[in-house]
Amino acid sequence: REHDSIHLKVDERYRGKGLLVDLGYPSLKLISDCERHDVKYVIRLKENWKPKLQRVVRGEVSVDVPPGTDLDEALDDYVLILGGRCIDADVVIGQGRSAVRARMVAIRLPKNEDGEIPYLFFLTNLSRRTHGPKQVAELYRARWEIECDNKLDKGGSRLDQIRATTKSSVRILLYSALLHSLLADLLVHHELLDRIRVDEGPCAPLHRLLVAHALRTEHVALLIALLDSSTPSSRWDRIAANIEDDGRDPNWRSRPSVLDK
């Protein structure tokens, strides 16, 4: 039941990698550690953080923005005008020795019921040459994959139903649940690669949670086939067909989402 943010320590293990984290993780120390160890990040801007504008690269401004202008003040005084498609600026967050520099981007969302145009603000250290504001926002949307992973581990592999009390039993059940999720992910991933290779066109992909359920349904047949070295390929094909039929996504849309891409 511990929040895993206290276990996230950015060090040399993360060098050259990237982090997509939700609002439960960001801190000035996290940003500082990412810069120190050459780790890329995309995070949401916390409401209680008060970034100071240093330079506006993209965005509509009524007058020149002096370095150190508070973001909220710039918006309230219409120095920085919300209405364009995006904002891209250099900012400083924090004060004194703990202050950190970052790139802040904002993208416009569709109008809400009140007729207002909301914006999403992100902090990142990705290069402007390779990632514009829209690409930064699309990268952050890929963070939803971890929520899908959690759902697979719990709903498909029953990771949250471990009732063992001894350390060895817990470890065995933990690994078996994670291996079950891994098998489901591998089947979905390889099926996707095959579809790309042969260019089948619009076709509902495998859904990993449904594949996990199908694997559990077929586990007796799989076990018998694995233990028998003389299992004919026709039996494997039949098991595969059953998993494929039960694992197709019934809610698939022909237009791919950001995560599909």
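Two strands count as paired if DSSP finds at least two bridges between them. Strands (E, at least two residues) and helices (H or I, at least four) are DSSP runs, numbered from the N terminus.

Before we look around, a word on the model. It is predicted, so local features need pLDDT of at least 70 and side-chain atom pairs count only at pLDDT 80 or more, while totals for chains, interfaces and linings use all residues. Residues are numbered from 1 along each chain as its sequence is written, and side-chain values use heavy atoms, with hydrogens and water left out.

**The strands**

Let's start with strand 8, residues 100-108. Of its 9 residues, 7 are buried (under 20% relative accessible area, with a 1.4 Å probe and protein chains only). Strand 8 is therefore largely enclosed by the rest of the structure.

Strand 8 pairs with strand 7 (residues 86-93) in the antiparallel sense, through 8 bridges. One place to look is V92, whose bridge partner in strand 8 is R101. Strands 7 and 8 form a hairpin with 6 residues between them, and G94 in the turn has a positive phi of about 90°. Strand 8 also runs antiparallel to strand 9 (residues 119-124), joined by 6 bridges. Here R108 stands opposite Y119 of strand 9.

**The helices**

Two packed helices are described by the angle between their axes and the distance between the axes. Axes are lines fitted to C-alpha atoms, for helices over the stretch in contact, and angles run from 0 to 180 degrees between N-to-C directions.

| Helix pair | Angle | Axis distance |
|---|---|---|
| Helix 4 (residues 144-156) and helix 5 (residues 167-198) | about 120° | 9 Å apart |
| Helix 5 and helix 6 (residues 208-217) | roughly 120° | within 9 Å |

Helix 5 is therefore oblique to helix 6, and helix 4 and helix 5 are oblique to each other. In this scheme, angles under 35 degrees are roughly parallel, over 145 roughly antiparallel, 65 to 115 roughly perpendicular, and the rest oblique.

Which residues touch, with contact meaning heavy atoms within 4.5 Å? From helix 4, D149, L152, D153 and G156 meet L178, H180, S181, A184 and D185 in helix 5. By class, this contact of helix 4 with helix 5 has 3 nonpolar, 3 polar and 3 charged residues. Nonpolar covers Ala, Val, Leu, Ile, Met, Phe, Trp, Tyr, Cys and Pro; charged covers Asp, Glu, Lys and Arg; the others, Gly among them, are polar.

On the helix 6 side, H180, L183, A184, D185, L187 and V188 of helix 5 meet R208, V211, A212, L215 and R216. The contact of helix 5 with helix 6 divides into 7 nonpolar, 1 polar and 3 charged residues.

How values were computed: Contact means heavy atoms within 4.5 Å. Buried means under 20% relative accessible area, exposed over 50%, partly exposed in between (1.4 Å probe, protein chains only).
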